Amino acid sequence: MADTAIETAPPAAQFDPEMVRQVTKLPLVTNNRDFHWVTEKVSGIVEMKTPGWWWIAFFPAAVLAGCCIGGFVYLISTGVGVWGQNSPVMWAWDITNFVFWIGIGHAGTLISAILFLTRQKWRTSINRAAEAMTLFAVICAGLYPGLHVGRLWMAWYLVPVGNANAIWQNFRSPLLWDVFAVGTYFTVSVIFWYVGLIPDLATIRDRATNKVKKFIYALLALGWRGGNRHWRNYEKAYLILAGISTPLVLSVHTIVSFDFATSIVPGWHTTIFPPYFVAGAIFGGFAMVLTLMLPARHLLGLQDLVTKKHVDVMTKIILLTGSIVGYAYIMEFFIAWYSQNPFEQWAFLRNRVSAPFTKWMFDVPNAPYWWAYWAMMSCNVISPQVFWFRYCRQNLWIVFTICMCVNAGMWFERFVIIVTSIANDFLPGSWGMYAPTWVDIITFTGSFGLFLSLFLLFCRFLPMIAMSEVKGVLPAADPHFHPPGHDAPGGDDHSTGLGAGVRMITPAPSTGH
Amino acid sequence: MSDTLTVTNPAAASAVAEAPRTFGIAAEFSSAADLYHAAEKCRDHGFRIWDVHTPFPIHGMDEAMGLGNSKVSLIALAAACTGTVLALMLEFIPSIWLYPLVVHGKPLDFFTVPAFFPVIFEFTVLCCAFGCVFGMLALNRLPRWNHPLFNWERFAKFSDDGFFLSIEADDPKFQETRTKEFLEGIGAENITLIYE
């Protein structure tokens, strides 16, 4: 990794001859911040007077969220026909939005669970915000299939409970699997997030000066007092949650992809869908994490906690998953040709790919949705390739722009998969084009308002960086840490956990002896 | 313990009945490393009912305190198994017995089990997560709204950058003066008697 600095010649004054092989990584928290600084910085966001920019961001977001809710009220009171879907496009923006949001909701648990198991310590600065983002994205996602049921008051039929008609669900249907997968995912994500919050809520409680605040945070912190006998169970619980969340997060988008893959619709009926959807979910989710964290980092002054290294690593993940997604797009197209299935070929070539600029290759009429397909291709596959260059990973404006492209591209991906496949399928007599109505438009754009309002409220009232975890990865948190220039580490033969001969030589924070 | 409390003033003797019971002694250490070594000494001294309070879990502290493995994993395993069994019942009782539903002409028997697997998996994970969190809280005796340690103003620093050690009066080896001396000996600061 290019960003790992190997310090070969420390200053003579701090040089200890015993430390022959000294290796330091780029620090996770820059500028040698100490524990107290982390507390002050993160709790300060919750304790400070609401800044002006917060209102400037929150007001339009809340208005947009209101539009979303208004659109849903109109839909419930009038009927699901106010949305644009009709035969043959029975799944349209609603399911597109569902898959889009649920995909975004994968980054949080990926960061908290998979990166925890793989001991990626940089996750500590971003996992809390990413998990919160996950929850809000899953809330947005859950709205659409619930409302697509049409008669919302019948949505409880999704849940297997006894009813007067003695009707039971078809447990072999991917749609019911989805209910369980999304329900479990949301519940486990809430639990995981809350467990992580407990020690930080205790910090806010212990600092609260206002009685009402103290009471509320004390209630939420459950009386946490940081005893190691508690930490022991807590860490084990956190590890198990991470362990079970890892297959869970992979299963959720797999099951979402089964909604399509188990059908016989050309363009949906492919075995590549589960890994392709999971990679796409991580891809879109990381882009959304960066979309939110880059402005938050700047506005809240979190540059020492969410460092350029974090951005660098995340853009690399975007590059990797974006390339996997690109491979899947090309492989789908290849298999359509290779299978010699005329319906599959039609779905790809005639419905999606054939564009004015592909005339030199395919001499067929323009596909009705070529603009959506090529928007997806350029945003998801071509745009992230700039992250091969270090300059583009370091320039936050470029990172932000590319993340915006990815956000748009991932929405188009779901639109392409869902709408183009069913608009023109087996029977030419029942082909049709889909057009959204104004209700579609406000219920979709409004969901961004809902998402942002919830995220802004989270930033304002809860510690958005996992303080206890960030403190735990500071050099001074190591029980075998010896500030340089102080007592020599002679006699302390415990391992640092980083391998033989590796010692932290980062200068001491002020909490040292 | 009350036997170490010597009351010389008869006027104060009547107040003893209302005097708060001693919870224990708490002290502060200046760094994670100091607390770690203090914990090792406490363990070797033979204290049993004591704890360290830190803003983050300190790596290796379980060994320094002489604690075994956490029981949360057993609870989580039991909860996960319960979840699997419940999900099997939830799916097979309606699908085979109460409401046999023929879809796509597939058979109704147990051989279609792969199609039932996603729900079994999700439900297992759900129950395991609940077992994990509620098991953790139960083992930690949380939520608990108040605790004698919170009576000590300085203790609020535990969630910021303070490293504390507390030895409870219920510990068989606890003796107010001796324990205090012991803590002084291992480099503790701000040694304070905590009342309930």
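Visitor: Where is Pro143(B) placed?
Guide: Keep in mind that this is a predicted model. Pro143(B) sits in the loop between H5 and strand S3 (163–168) of chain B.

Visitor: What kind of peptide bond joins Leu142(B) and Pro143(B)?
Guide: A cis one. Its omega is about -5 degrees. Most peptide bonds are trans.

Visitor: What about chain A, which bond is cis from Ser87(A)?
Guide: The one from Ser87(A) to Pro88(A), with omega near 5 degrees. Pro88(A) belongs to the loop between helix H2 (52–78) and helix H3 (93–104) of chain A.

Visitor: Back to chain B. What is the phi of Arg141(B)?
Guide: Positive, about 55 degrees, although Arg141(B) is not a glycine. Arg141(B) is in the loop between H5 and S3 of chain B.

Visitor: Is Arg141(B) buried or exposed?
Guide: Exposed, because Arg141(B) has 11 C-beta neighbours inside 10 Å, and the cut-off for exposed is 12 or fewer.

Visitor: And Gln340(A), where does that lie?
Guide: In the loop between helix H10 (308–339) and helix H11 (342–353) of chain A. Gln340(A) has a positive phi too, of about 60 degrees, and is not a glycine. Gln340(A) counts as exposed, because 8 other C-beta atoms lie within 10 Å.

Visitor: New topic. How many residues of chain A are in contact with chain B?
Guide: 59 residues of chain A, and they meet 59 residues of chain B. On the chain A side, the elements that give two or more residues are helix H1 (35–47), helix H6 (174–207), helix H8 (228–261) and helix H16 (467–472).

Visitor: Which of them gives the most?
Guide: H8(A), with 16 residues. By class, the chain A side has 29 nonpolar, 20 polar and 10 charged residues.

Visitor: What domains does chain B have?
Guide: The assignment gives domain 1 (20–69 + 146–195) and domain 2 (72–139). Their centres, taken over C-alpha atoms, are 44 Å apart.

Visitor: Where is confidence lowest and highest in chain B?
Guide: Lowest in helix H1 (residues 10–16) of chain B, at a mean of 50. Highest in helix H5 (residues 113–139) of chain B, at 94. Over residues 1–8 of chain B the pLDDT is below 50. Beyond near neighbours in sequence, that stretch has seven contacts in the model.

Visitor: What is the mean pLDDT of chain B?
Guide: 86, and 91% of the residues of chain B reach 70 or more. The model scores ipTM 0.88 and pTM 0.87.

Methods. Residues numbered from 1 in each chain as written. Chains lettered and ligands numbered in written order. Predicted model: local features only at pLDDT ≥ 70, side-chain atom pairs only at ≥ 80, totals over all residues. Contact = placed C-beta atoms within 7 Å. Helix = DSSP H or I, 4+ residues; strand = E, 2+ residues; numbered from the N terminus. Nonpolar A, V, L, I, M, F, W, Y, C, P; charged D, E, K, R; others polar. Domains from an automatic or database assignment. pLDDT = per-residue confidence, 0-100. Buried ≥ 20, exposed ≤ 12 C-beta atoms within 10 Å, placed from the backbone.
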